[in-house]
Amino acid sequence: MAAKQLFDNHGRPIKYLRLAVTDRCNLRCFYCMPEEGIKYIPRKELLTFEEIERLVTILGEMGITKIRLTGGEPFVRTDLMKLIRRIVDIEGIQDVHITTNGILTSPHIQELKSLGIASVNLSLDTLDHERFKVITRRDEFAKTWNTFQLLLKHKIPVKINTVVMEGKNTEDILQLVKLTKDQNVSVRFIEEMPFNGEGSHYPTLRWTYSKILEHIRAEFPTIKKIQDEENSTAYHYQVPGFKGNIGIIAAFSRTFCGSCNRIRVTAQGVLKTCLYDDGVLNIKDLMRSGVRDSEIKEHLLQAFSSRPKDGFQAEQNRKHHSISESMSTIGG
């Protein structure tokens, strides 16, 4: 029997769910939340593991094939591995991925390998110990680096996510590119977005996709464009002779919306059909009201049928046309 396929009102396939399991984090990154942190959601307001399993089962039946578990920091959630063991066995789900800062991840890497985790995205904005402390407001670089080494050792595909921040880590860009010389790793440079609990840090974003690429090309003039995966948010490049590659994600410029195949569900069970919208359906409330799976599917299909064409339209449709939430609350 052919697998079911989901499409939105613009004809884009929907195959990929980014699922936040918590809004809590053990770092205080400059681009994600204020130094004093954010007001965390009460535990009873989070989706339970049972509710998450039910939601993933429903979406697997509808056509979602790929899941990324994120946060906050997902490993802050107690007994996360119990949830992962359940999710990898849900029918229809072909690939389970994880985004983490690596601080609590290392004890679980061997089991993640045995469970067949498809890849891990590791948040790492600098290779410098002191700059790491400044950016994250925590002294945890050694733990993140250890996780990176263990992921390589266990041959779990790993991507490094680096948010480029003017005045914070632009001197790290070239060092991170050099990391791909001898390691089969993808380093992805991400435009900074205003999801930090405070709004935009700059009147104008200078370190855009094109500026990042120009900076890299000045040092590595032979860098070449390589094939992007289908529905990729990153534009991929490789320095000839290097084992790994780099990706640049125009997250603020929003140049990839036309092929976006992803939806998000926040830790409190709110569906976002675009990163820049302010939530279009409270799935947790539906579940706790006692509705059947078939009714939840109807609500989801209705939400998918009125998806904005791009992130600019989604931002314009927000109730207050402004962004003040933390990426930790949304789901990174």
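**From values to words**

Mentor: Lys 168 lies over the face of Phe 30, at 4.4 Å from the ring centre. Please keep in mind throughout that this is a predicted model.

Trainee: Why is the aromatic pair of Phe 132 and Phe 141 called edge-to-face?

Mentor: The structure holds five aromatic pairs, and Phe 132 with Phe 141 is one of them, with 5.6 Å from centre to centre and 75° between the planes. A pair of aromatic rings is described by the distance of the centres and the angle of the planes.

Trainee: How do you know whether Phe 132 is buried or exposed?

Mentor: Buried means under 20% relative accessible area. Phe 132 has a relative accessible area of 2%, so Phe 132 is buried, and Phe 141, with 12%, is buried by that rule as well.

Trainee: Why is Leu 286 described as buried?

Mentor: The relative accessibility of Leu 286 is 13%, which is under 20%, and therefore Leu 286 counts as buried. Leu 286 has its place in helix H8, which covers residues 283-288, and, leaving aside residues up to four places away in sequence, Leu 286 touches Leu 281, Val 291, Ile 296 and His 299. From Leu 286 to Arg 138 there are 148 residues in sequence and 38 Å in space, C-alpha to C-alpha.

Trainee: What makes Asn 121 count as buried?

Mentor: Asn 121 has 3% relative accessibility, and because this is under 20%, Asn 121 counts as buried. Asn 121 lies in strand S4, residues 119-123, and its contacts, not counting residues up to four places away in sequence, include Arg 68, Lys 159, Asn 161 and Arg 188.

Trainee: Why is the link between Glu 111 and Arg 85 called a salt bridge?

Mentor: The rule requires a side-chain nitrogen of Lys or Arg within 4 Å of a carboxyl oxygen of Asp or Glu. The closest N and O atoms of Glu 111 and Arg 85 are 2.6 Å apart, so the pair qualifies as a salt bridge. Glu 111 lies in helix H3 (residues 109-114) and Arg 85 in helix H2 (residues 80-87), so the pair ties together parts that are 26 residues apart in sequence. By this rule the count comes to 18 salt bridges.

Trainee: How do you know that Glu 111 is partly exposed?

Mentor: Partly exposed is the range between the cut-offs of under 20% for buried and over 50% for exposed. Glu 111 has a relative accessible area of 25%, and therefore Glu 111 is partly exposed; Arg 85, at 36% relative accessibility, counts as partly exposed too.

Trainee: What makes Arg 292 count as exposed?

Mentor: The relative accessibility of Arg 292 is 56%, and because exposed means over 50%, Arg 292 counts as exposed. The side chains of Arg 292 and Glu 295 meet in a salt bridge at 4.0 Å, N to O, and Glu 295, with a relative accessible area of 27%, is partly exposed. Elsewhere, salt bridges that share partners join Asp 8, Arg 12 and Arg 307 into one network.

Trainee: What can be said about the backbone at Arg 137?

Mentor: Arg 137 has a positive phi of about 60° although it is not a glycine, and Arg 137 lies in the loop between helix H4 (129-136) and helix H5 (141-153). At 23% relative accessibility, Arg 137 falls between the two cut-offs and so counts as partly exposed.

Conventions: Residues numbered from 1 in each chain as written. Predicted model: local features only at pLDDT ≥ 70, side-chain atom pairs only at ≥ 80, totals over all residues. Heavy atoms only, no water. Phe/Tyr/Trp six-rings, centres within 6.5 Å; stacked < 30°, edge-to-face > 60°. Buried < 20%, exposed > 50% of the residue type's maximum accessible area, 1.4 Å probe, protein only. Lys NZ or Arg CZ within 6 Å of the ring centre and 35° of its normal. Helix = DSSP H or I, 4+ residues; strand = E, 2+ residues; numbered from the N terminus. Contact = heavy atoms within 4.5 Å.
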